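Colleague: I am new to this structure. Please take a close look at one part of it, and then lead me on from there.

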Amino acid sequence: MEIKIVIPVHLASRRLERKALIDIEGLPMIEHVRRRAMLSKGISDVYIATGDKEIKNITEKYGGKVILTKQNHQNGTSRVAEAISNIDCSHVLLVQGDEPLLIPHYIDLFIEGIKKSNTDKMWNAITRFKEMNFVHEHSLVKCFLDINNHIISCFREVPVSSQVLKFKKILFKMHGLIAYEKNFLEELVSLKETKYSKLESIEQMKAIEYGFKIKTVELPEDFPSVNTESELEIVKNILANNLNQQELFNSIIK
């Protein structure tokens, strides 16, 4: 099993303008993600996949590997599929570019989970909700699982009539760590887009709507991504006050 990391990035973000290049402690957000991914022990290469030459130039200035793709991709999945098409590997790990607090060890745990369930073809990292007040955040994609830890459904608004607190043990947050068997990814992107996936902007639902299974790997602890200005402030606050995150930051700026 040979896994490559590909981070799909574009400048035309809808909720937070040019968020990939937002400065966080002197580095563009995408560079935080790339450098943290590079610290993973189980990965041989990390690529930025983008259609924007500005991102390409900035990444290369920092010494990163870039694959220039078409600009008009509808989502990160199709951009990664194009980027990986000429790269020799068995699996690709898509890391979303808005995960600046990504913990490298969690990538290693995710890869261990993939190897334990190697009959599956697609995987997604998840964590439990410690604070249920975040459950209704539209920017967070949530899911329910079946008894074998495959995703039943993904959603932004919790589709249950009972009190949400009762669902604490079975409701999970989905993270921007998604892995594919390379051949399966090529098959998936060749299929027509599905209605729910497009409507909710949840890429994983396309696989589920076609009847494919997504195996989950539960990580020890939640870490916030950046979709909005308020989430950006949360990330900056954690980076300034969390000792573990400070140590990680110091390790990527050496």
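Modeller: At 16% relative accessibility, His 73 counts as buried, because buried means under 20% relative accessible area, exposed over 50% and partly exposed in between (1.4 Å probe, protein chains only). This is a predicted model: local features need pLDDT of at least 70, side-chain atom pairs count only at pLDDT 80 or more, and totals for chains, interfaces and linings use all residues. Residues are numbered from 1 along each chain as its sequence is written, and side-chain values use heavy atoms, leaving out hydrogens and water.

His 73 sits in the loop between strand 5 (65-68) and helix 3 (76-84). Helices (H or I, at least four residues) and strands (E, at least two) are DSSP runs, numbered from the N terminus. Neighbours within four places in sequence aside, His 73 is in contact with Ser 78, Arg 79 and Glu 82. Contact means heavy atoms within 4.5 Å. With Ser 78 there is a polar contact, side chain to side chain, at 3.0 Å. Such a contact is a pair of N or O atoms within 3.5 Å; within protein, one must be able to donate a hydrogen and the other to accept it, and residues adjacent in sequence count only if both atoms are side-chain atoms.

Now the nonpolar cores. A nonpolar core is a set of buried Ala, Val, Leu, Ile, Met, Phe, Trp, Tyr and Cys residues joined through side-chain atoms within 4.5 Å. The largest has 44 residues. Among those with the most contacts inside it are Ile 107, Phe 110 and Leu 177. Helix 4 gives the largest share of this core, five residues. Another core, of 31 residues, lies apart from it; Met 122 and Ile 202 are among its members.

Neighbours within four places aside, its contacts include Leu 93, Val 95, Phe 110 and Trp 123.

Helix 4 (residues 104-116) has 13 residues, and at 1.5 Å a residue it should span 18 Å; its end C-alpha atoms are 19 Å apart, which agrees. The expected span is 1.5 Å times one less than the number of residues.
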